[in-house]
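Dear colleague,

I am handing over a structure for you to look through, and below it I have set out what was found. Please keep it open while you read.

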Amino acid sequence: MDWLSAVNLDGLAAVDFRWLGLVLELILMPLIAFVVGLGLVLMLRKIAARLQRRVGPPLSQPLWDIIKLHAKETQTSHGLIHEIGIVMAIGGYVAAVTLLPVPGMNGLAQQGGLIALLYMTMIPSLGLALGVGQCANPNGSIGISRALTAMLAYDVPLVIVIFGVAFHFGSLNLVHMIAAQQAGGIASWGIVQMPLLALAGLFALQGMLGKQPFEIYVAPAEIATGPMVEMGGKFLGGLFVMQCFQLYTAGVLYVTLFLGGGEHWLTFLFKVFVVTAIPMTIAMVFPRYRTEDMVRLFWKWPTMIGLLGIAFVMN
Amino acid sequence: MTHIDQVPTPGAPLPVEIGVTPGAKRTNPFAQVFDELVRFAQSRSLFMLHYCTGCGAVELPPAMTARFDMERLGIQPMVSPRQADILLITGYVSVKTLKRVILTYEQMNSPKYVIGICSCTVNGGMYWQSYATAKKLNDYMPVDIYIAGCMPRPEAVIEGLRGLIENIRNGRADAWKDYYRRYDHYLGNQQRLFGADWQTPTDVIAEARHYDLFGPATLGAHTALLEQHQRPLEALAMRIEIPELMRRRSRADQGGTAQ
């Protein structure tokens, strides 16, 4: 028993256990994002139903959809890249979610920052492009080329907005931005300080979520849901999971940049749901633009509003 | 091919596969809970591909929109066969249409359900004497539910869908397995209409083997005939044939040589 007495137990107190907390956060954050995302998907479908004077789906509909799709007994795979593409699509958003600070959890936000987050949100589109490419369905190819064109369109105003916000706060760190906004109250929120950038950001959000005026790459009646055309069973289920993460990421990013993040979960979730409801409400009264019209519109109006906003911020 | 033309005697029980009890429970209690959950999810979430061939399609918009709202039951329209669970045939199927319906059906992922709406899918309806109309849909693919009427009102359509939901909950909606287990029967009927060299892009026999759905009647005289004519599928050649573009290109070529 000599070796036991030789162990210096005093040293245990000095061992850093903070990494355990980080691991817990990295597991919890995507899980919370998924559950909140299910709620967001439900809200979008309910809004669509109410605007059409329908009752809409029951409360747990998004969950049943995902379970059902994964429980399909025959799955049509078009090859390895098809499957990896879906993994990339979900994985990109899971990584993005760990970079977004939420009340009580910072995850990797201190280490990552805004630029890393932007990179992560582009991975899903590229993963989807790989996966759809292997399906060799012409509708899918048209859809994914439109999706990437749409990304090119809304990324210009988005990058301008991100630049303006980062310039205003003097930092690319999301934790610092939230702290600065919460210290000064509503008067220091991004939406009060930079209303033009907030407006341009809302435009970019509409394109990012691919909602109706800019729904060019889904277009069910035209190219049969584009990238999703060959996706059945677990592949479509994976995309439904991705949609939950996508809505959550977009909503939380906007809340963090312009609405002061969240002091606690109640106000935070309220803000996220309100922000995500705006694009859907706008979407239901619009038809679809053509691809070139969307690019032209995005490179003209939100870009101009964003540049004007930057001029005010730099003043 | 004589036995295909046999007409079943009225009132006789339908042939049931021996050893396969509908809704059979697994012994593991956890597996039972899991199966129950999956069946519930499958019954509460149905994506519908409507193949609108006839006048019955008129009754679907009211069933989907504000008045009757199918989304309450978790039923929503989808646009591609890969995503769909239900194939809704609304009206008569002509010989030419039936080919497309079968291609669509074979591309769907199982479990899949077929619903025949209107009398035309049941027995040909008012097209009984037509030379170009397939009379009974369930000769060519297994049908889960027929909704008779000319045309059935949206209430009847929703009542039929509720029946399907009930069947899925009880594990009785497994007609899709019949297509794999008795493929020879269905293929025989298809060959009778479309000719001996009828072939679809989906290899049903290989799928039956892969998913362990092989039955004693999967192979037979008709699948042997299929194997004689079967050509291996090849990827389509990549080429663009836009007349406008080709004309412009040839004109440019001529201009180039003239200079």
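Among the contacts in chain B between residues at least 6 apart in sequence, 81% join residues at least 24 apart, where two residues are in contact if their C-beta atoms, placed from the backbone, lie within 7 Å. Please bear in mind that this is a predicted model, in which local features need pLDDT of at least 70 and side-chain atom pairs count only at pLDDT 80 or more, while totals for chains, interfaces and linings use all residues. Residues are numbered from 1 along each chain as its sequence is written, and chains are lettered from A and ligands numbered from 1 in the order in which they are written.

Chain B has 10 helices and 7 strands (DSSP runs numbered from the N terminus, H or I of at least four residues for helices and E of at least two for strands). Of the 259 residues in chain B, 35% are buried, a residue being buried if 20 or more other C-beta atoms lie within 10 Å of its own.

Leaving aside residues up to four places away in sequence, A:L100 touches A:T249, A:V252, A:L253 and A:T256, among others.

Two helix pairs in chain A deserve a look. Helix 6 (residues 138–169) and helix 9 (residues 195–208) of chain A pack at an angle of about 150 degrees, with their axes 9 Å apart (axes are lines fitted to C-alpha atoms over the stretch in contact, and angles run from 0 to 180 degrees between N-to-C directions). Helix 6 and helix 9 of chain A are therefore roughly antiparallel to each other, a term for angles over 145 degrees.

Helix 11 and helix 12 (residues 265–283) of chain A pack at an angle of about 110 degrees, with their axes 9 Å apart, and helix 11 and helix 12 of chain A are therefore roughly perpendicular to each other, a term for angles of 65 to 115 degrees. Among the residues that make this contact are A:G251 and A:V252 of helix 11 of chain A and A:F268 and A:K271 of helix 12 of chain A.

Finally, the contact between the chains takes 20 residues from chain B and 29 residues from chain A.

Methods. Buried ≥ 20, exposed ≤ 12 C-beta atoms within 10 Å, placed from the backbone. Parallel < 35°, antiparallel > 145°, perpendicular 65-115°, else oblique.
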